[in-house]
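Have the viewer open as you read.

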Amino acid sequence: LVAPGIFDGISLRVAEKVGFQALYMTGYGTVASHLGLPDAGIAGYGEMVDRVRTFSNISSVPLICDGDTGYGGLLNVAHTVQGYEKAGAAAIQLEDQEFPKKCGHTPGRRVIPLLDAAAKIQVAAESRSSNDFLILARTDARTSYGLDEALRRGEAYARAGADVLFIESPESEEEMERICSAFDVPLMVNVVEGGKTPVLPKERYIQMGYQLAIYPATAFLAAGRGIESAYSHIKQTGSSVGVEHELTDFMEFSKTMGFQQVWDFDKAHADYGEPKP
């Protein structure tokens with residue numbers, strides 16, 4: 001299963017138009033687009049669950065949503081899981097970093113003790129109202145503590161009730177193969193262009209044994225380059241003449257955003273808005 005990263009209403013609508021069967025609400029992209037801030041533990045539960053609710057109301061396909069560390073201790077984890085589930089998420093990703101957390105492909109990450117992290121996963125599994133709501137357990141131990149510790153944590157999280165394991169930031173294909181050979185539960189690979197983990201063809205991930213691949217950064221990196229290019233052209237020339245070939249057709253974009261339904265509604269109810277003679 002391939003799930004692209006979505007971070008706002010536009011990226012979600014475009015992903016649905018392309019035809020993906022599942023979407024991943026990226027914490028990095030959501031915090032950046034919503035608050036203009038880095039993904040460094042600054043956004044709280046209230047801000048993120050609001051994004052989950054907004055995206056779930058728009059989406060017609062399942063949403064995997066980044067829940068950071070659960071925004072606190074065990075009681076916070078229970079509250080976060082229940083809130084994300086009620087808001088419409090299909091799955092929540094929880095990680096074992098210390099607070100404040102950081103993006104998984106940036107330096108300076110530290111993890112909490114294994115038993116504390118496993119307790120969070122157990123509480124998460126116990127707090128959901130339906131087993132159809134999936135718990136994705138992520139460990140960030142690889143970068144600072146080595147792959148052996150990351151694998152040890154993955155085993156503990158699987159025993160605690162995780163439905164999917166996410167061993168963050170393996171640094172070679174050999175490490176990825178070792179991860180896939182170590183577990184019987186479904187595994188997720190995080191594909192970050194420019195990150196620590198090799199970016200490979202889909203067939204290679206399947207061959208290794210991954211069941212889910214997320215692409216959290218691809219869309220906002222593409223958007224960032226496109227926006228900067230357009231803005232730079234306008235700044236340099238004082239005009240948008242010459243950038244038309246780089247832009248999505250306005251009417252097609254409007255349809256992607258849902259304007260066709262507005263036009264159809266207006267047409268169907270046109271008589272109601274006509275002034276009476």
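**Inside the model**

Helix H5 is the leading contributor to the lining of the largest cavity, giving three residues. You are looking at a predicted model, in which local features need pLDDT of at least 70, side-chain atom pairs count only at pLDDT 80 or more, and totals for chains, interfaces and linings use all residues. Residues are numbered from 1 along each chain as its sequence is written, and side-chain values use heavy atoms, with hydrogens and water left out. Helices (H or I, at least four residues) and strands (E, at least two) are DSSP runs, numbered from the N terminus.

**The cavity**

- On a 1 Å grid over the protein atoms alone, a cavity is a set of points where a 1.4 Å probe fits but cannot get out, and lining residues have an atom within 4 Å of a point.
- The count comes to one cavity of 30 Å³ or more, and the largest cavity has a volume of about 60 Å³ (the space filled by probe spheres set on the points, with grid points joined across faces, edges and corners).
- Its lining is made up of Thr69, Leu94, Glu95, Asp96, Ala117, Lys120, Ile121, Arg138 and Tyr157.
- Strand E4 (91-95) and helix H5 (114-127) are the elements that give two or more residues to this lining.
- By class, the lining of the largest cavity has four nonpolar residues, one polar and four charged (Ala, Val, Leu, Ile, Met, Phe, Trp, Tyr, Cys and Pro count as nonpolar, Asp, Glu, Lys and Arg as charged, and the others, Gly among them, as polar).

**The nonpolar cores**

- A nonpolar core is a set of buried Ala, Val, Leu, Ile, Met, Phe, Trp, Tyr and Cys residues joined through side-chain atoms within 4.5 Å; buried means under 20% relative accessible area, exposed over 50%, and partly exposed in between (1.4 Å probe, protein chains only).
- The largest nonpolar core has 57 residues, and Tyr84, Tyr157 and Tyr210 have the most contacts inside it.
- Apart from that core lies another, of eleven residues, including Tyr24, Leu136, Val164 and Phe166.
- Leaving out residues up to four places away in sequence, Tyr157 touches Asp96, Leu114, Ala117, Ala118, Ile121, Ala137, Arg138, Thr139, Ala162 and Leu165 (contact means heavy atoms within 4.5 Å).

**Salt bridges**

- The whole structure holds 16 salt bridges (a side-chain nitrogen of Lys or Arg within 4 Å of a carboxyl oxygen of Asp or Glu).
- Arg138 pairs with Glu168, with the closest N and O atoms 3.9 Å apart.
- This pair links distant parts of the chain, 30 residues apart: Arg138 is in strand E5 (residues 134-139), and Glu168 is in the loop between strand E6 (164-167) and helix H8 (173-182).
- Arg138 and Glu168 are both buried.
- Asp50 forms a salt bridge with Arg53, their closest N and O atoms being 3.9 Å apart; both lie in helix H3 (residues 45-58), three residues apart, about one turn of the helix.
- Asp50 is partly exposed at 31% relative accessible area, and Arg53 is partly exposed at 38%.
- Glu252 and Lys255 also form a salt bridge, with the closest N and O atoms 3.8 Å apart, and both belong to helix H11 (residues 250-256).
- Salt bridges that share partners join Glu95, Arg138, Asp140 and Glu168 into one network.

Note on methods. 1 Å grid on protein atoms, 1.4 Å probe; cavity = no way out; pocket = protein on both sides within 12 Å on 5 of 7 lines; lining within 4 Å.
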